[in-house]
Each structure stands twice: as structure tokens, then as C-alpha cells.
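Please read the following report alongside the sequence and the model. It moves from an aromatic pair to a charged side chain and then to the chain as a whole.

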Amino acid sequence: MRIKVSAGMAVAALLLAGCSTSNDLSTAGQSVRFVEEKPASNCQLLGTATGEQSNWLSGQHGDEGGSMRGAANALRNNAAAMGGNVLYGVSSPTQNLLSSFAPTASKMTGQVYKCPN
């Protein structure tokens with residue numbers, strides 16, 4: 001009986017670990033940078049991108065930790081997929097009082113620009 005319980009717990013742990021994912025920064029996403037000032041007129045606005053990190057199992061890892069980092073990585077990856085290399089006006093509409101206490105999903109949005117190097 002004890003072996004069955006241990007085996008069941010091991011399987012459950014593996015299943016839960018498989019559901020807990022983070023967004024890794026792609027090679028293309030590494031070339032996307034965040035800026036605080038509106039890009040110059042020689043930059044082309046490509047649109048708006050969103051990055052999300054589900055935190056149902058992973059939770060909040062530290063102050064801004066894994067959840068916001070995962071959302072930022074996803075945002076940079078999505079901007080790169082659009083052909084952009086600059087993110088401007090990035091906001092986190094999901095960060096609120098509840099997210100300080102409970103593991104809610106993190107989301108970031110921003111305007112994607114393609115600027116000359």
C-alpha cells in the first residue's frame with residue numbers, strides 16, 4: 001500500500017511540473033529592447049504585442065520574479081516575431097492588489113517598432 005501511495009505522489013508531482021512553464025527568451029527576442037522615450041520618426045510602428053505568463057502553478061517568485069520576467073520574455077519574443085526591435089509604452093494591466101497575494105497570470109502589452117540600428 002505504501003509503495004502505491006509513493007508512486008501516485010511521484011506521478012502527480014511529474015504531472016504538475018509539466019504544467020508549470022515559463023517563457024524563455026528566444027535568440028530573436030534578445031535583440032528587442034525596451035525604451036521609455038517615444039522612438040524617433042525614422043522608426044516604423046508595427047503594432048501592439050502582448051506577452052503573458054500563467055502563474056497558476058508557478059506563483060509569484062519574489063518581488064517581480066518569474067511571473068513578470070516570463071511575461072516580458074514573451075512580449076519580446078512576440079515583438080521579434082512581428083519584425084520589431086523596440087518596445088515602447090509597455091504596461092502591465094494585470095498587476096493589481098490581488099496579484100500581490102495570489103498567483104494570477106501576468107500580462108504585458110507594448111507598441112512594437114522597427115528602428116534602424
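Does Tyr-113, at 6% relative accessibility, count as buried or exposed, and why? Tyr-113 counts as buried because its relative accessibility is 6%, where buried means under 20% relative accessible area, exposed over 50% and partly exposed in between, with a 1.4 Å probe and protein chains only. This is a predicted model, in which local features need pLDDT of at least 70 and side-chain atom pairs count only at pLDDT 80 or more, while totals for chains, interfaces and linings use all residues. Residues are numbered from 1 along each chain as its sequence is written, and side-chain values use heavy atoms, with hydrogens and water left out.

**The aromatic pair**

One aromatic pair is found when the whole structure is searched. It is formed by Tyr-88 and Tyr-113, whose ring centres lie 6.5 Å apart with planes at 70°, so the arrangement is edge-to-face; rings of Phe, Tyr and Trp (its six-membered ring) pair if their centres lie within 6.5 Å, and planes under 30 degrees apart count as stacked, over 60 as edge-to-face and the rest as tilted. Because Tyr-88 belongs to strand E3 (residues 86-91) and Tyr-113 to strand E4 (residues 106-114), the pair ties together parts that are 25 residues apart in sequence. Helices (H or I, at least four residues) and strands (E, at least two) are DSSP runs, numbered from the N terminus.

| Residue | Relative accessibility | Class |
|---|---|---|
| Tyr-88 | 21% | partly exposed |
| Tyr-113 | 6% | buried |
| Ala-28 | 40% | partly exposed |

Arg-76, in helix H2 (residues 65-81), is buried yet has no salt bridge, the nearest side chain of opposite charge being that of Asp-24, 12 Å away. A salt bridge requires a side-chain nitrogen of Lys or Arg within 4 Å of a carboxyl oxygen of Asp or Glu. A polar atom of the Arg-76 side chain does, however, lie 3.2 Å from the backbone oxygen of Gly-29. Leaving aside neighbours within four places in sequence, Arg-76 has contacts (heavy atoms within 4.5 Å) with Leu-25, Gly-29, Gln-30, Val-32, Phe-34 and Leu-87.

Ala-28 is located in the loop between helix H1 (2-19) and strand E1 (33-35), and its C-alpha is 9.3 Å from that of Gly-83, although the two residues are 55 apart in sequence.

**The chain as a whole**

The chain has two helices and four strands, which follow the order α-β-β-α-β-β from the N terminus. Of its 117 residues, 29% count as buried.

Notes: Lys, Arg positive; Asp, Glu negative; His and termini not counted. Polar contact = N/O pair within 3.5 Å; in protein donor to acceptor, adjacent residues only side chain to side chain.
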